[in-house]
Amino acid sequence: MAGLLSAVVAQYHEIMAHWGNRDNPSRQPSYRSAHRARSHESAHAEQAAPPEPPRIDHPLVPAGPASIVRQPEELRRLLKQLRDAGQFAYDSEFIGELTYIPKLCLVQVASAQQIALIDPLAGLDMRPFWELITDPAVEKVVHAGLQDLEPVVRELNRAPANVFDTQIAAAFVALPFPLSLSKLVAELTGARLGKGLTFTHWDQRPLSAMQLRYAVDDVRYLLLARQRIGQRLSESGRTDWANEECAAQCDPQLYRFDPAQQYLRVRGASGLSPRNLAILRELTIWRDAAARLTNVPPRAFLKDEVLLDLARNPIKSIDRLHRVKGLPRPVEAEYGGQIVEMTSRALALNESQLPAIRETEPSPPEKFRVDALWAVAQSLCAGQSIDVAVATNRQEIGEFYQRLGGSAEVAVPHRLLSGWRKAALGDALAAMIRGEAGIELSWVDSTLRAGVRRG
């Protein structure tokens, strides 16, 4: 299996090298997000922002307006201040539907002393900022920070460090996952944030007063929210578990295209045969390479549904591509030969080179048992004030049950039997399946409590 994965990765780099030497037509999408446009118009309807709600007076909530950082010297001074503070919150605004690499338009930072808005479109070198994100001596506080961390890996090929994600950590203190920033801040601090403007034209200047308000709101209360989550984690003894899950978001592999796995993210892939899965794998690798070279998002270049159709019904000659529903005619004209080439390559693979299919569909009794085990997992998590969505999902519980097989040993390593999930969930579920333990539930002070009864 390791040899096959190495071959797939090598093939991806071969495709990139081969097509990178060809003429690169700049195929830009013929659309802009209508939703983004409407949101942008709303933000600019009035240049004056509406009255601000009262701010919370707290040492961790910076007062005053945000400074705008556009000059290199201003950025150097700000980074030194953030490093000296030892902790800061940050967020970023992107436009992601137009280019292969999302366009970074704004970075917001807040320490206990100040709020600043960094303007990458002013020509600033952002590498020093990304390097700060990799400094383990400085804590970075984010909310749902996957997109905010991705540029660190892409620009530096290094892992972010010492990142506390309030959305993740809140799931360990009896709050739902995922929870929006506005609801989190309201619950933990009492502050009411302004109107959300995630979809607006962050690349246009000047930014409106409403856009600036939204950008500042994204970080102003994060340090206070982090402190209050930290207090609850300490009281419940869940600090280490939350930190472990936050640290997992810093794994560089989360932010890289994996040619050996990406095709499995295409909806409907699980229903394909090994041969058709191989076609889907080849076409997914090709799509990423072509989208990268033409600078558009892969799913904007070619939708998943079209990839799935091409995999399910292999096209062996260019003259049959016009029958594929949803295949853009420019893609057919420019890349039809490559689609047929990738399909033919997959059809020529030996059986040993085909992807392994997932476990077969469970029988009705097995499905019922998995449903029951999923209910137990939900109860165990809720009984420990953890939202089950941060821990696992029903599909993973089904895989866990199949791998455990009711025996005393687990032949294949599983995520539920490592790290904090093992302590919170995996050990108890495994013991239950083996008949060595039961679950005790109680309702105390309007809260579900769960415990494991051995023997």
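Buried here means under 20% relative accessible area and exposed over 50%, with partly exposed in between (1.4 Å probe, protein chains only). Select Cys 381, which is buried with a relative accessible area of 1%, and then Cys 105, which is also buried, at 0% relative accessibility. This is a predicted model, in which local features need pLDDT of at least 70 and side-chain atom pairs count only at pLDDT 80 or more, while totals for chains, interfaces and linings use all residues. Residues are numbered from 1 along each chain as its sequence is written, and side-chain values use heavy atoms, with hydrogens and water left out.

Next, select Phe 172, Ile 229 and Leu 429, which touch the most other members of the largest nonpolar core, a set of 40 residues; such a core joins buried Ala, Val, Leu, Ile, Met, Phe, Trp, Tyr and Cys residues through side-chain atoms within 4.5 Å. Around Phe 172, the contacts (heavy atoms within 4.5 Å) beyond four places in sequence include Leu 233, Trp 241, Ile 386 and Trp 420. Another core, of 33 residues, lies apart from this one, and Tyr 100, Phe 301, Ile 315 and Val 331 are among its members.

Finally, turn to the open sheet of six strands, ordered 1-4-3-2-5-6 with mixed pairing; strands are DSSP runs (E, at least two residues) numbered from the N terminus, and two of them pair if DSSP finds at least two bridges between them. Strand 1 (67-69) and strand 6 (163-165) stand at the edges with a single partner strand each, so one side of each has no neighbour in the sheet.

Notes: Helices (H or I, at least four residues) and strands (E, at least two) are DSSP runs, numbered from the N terminus.
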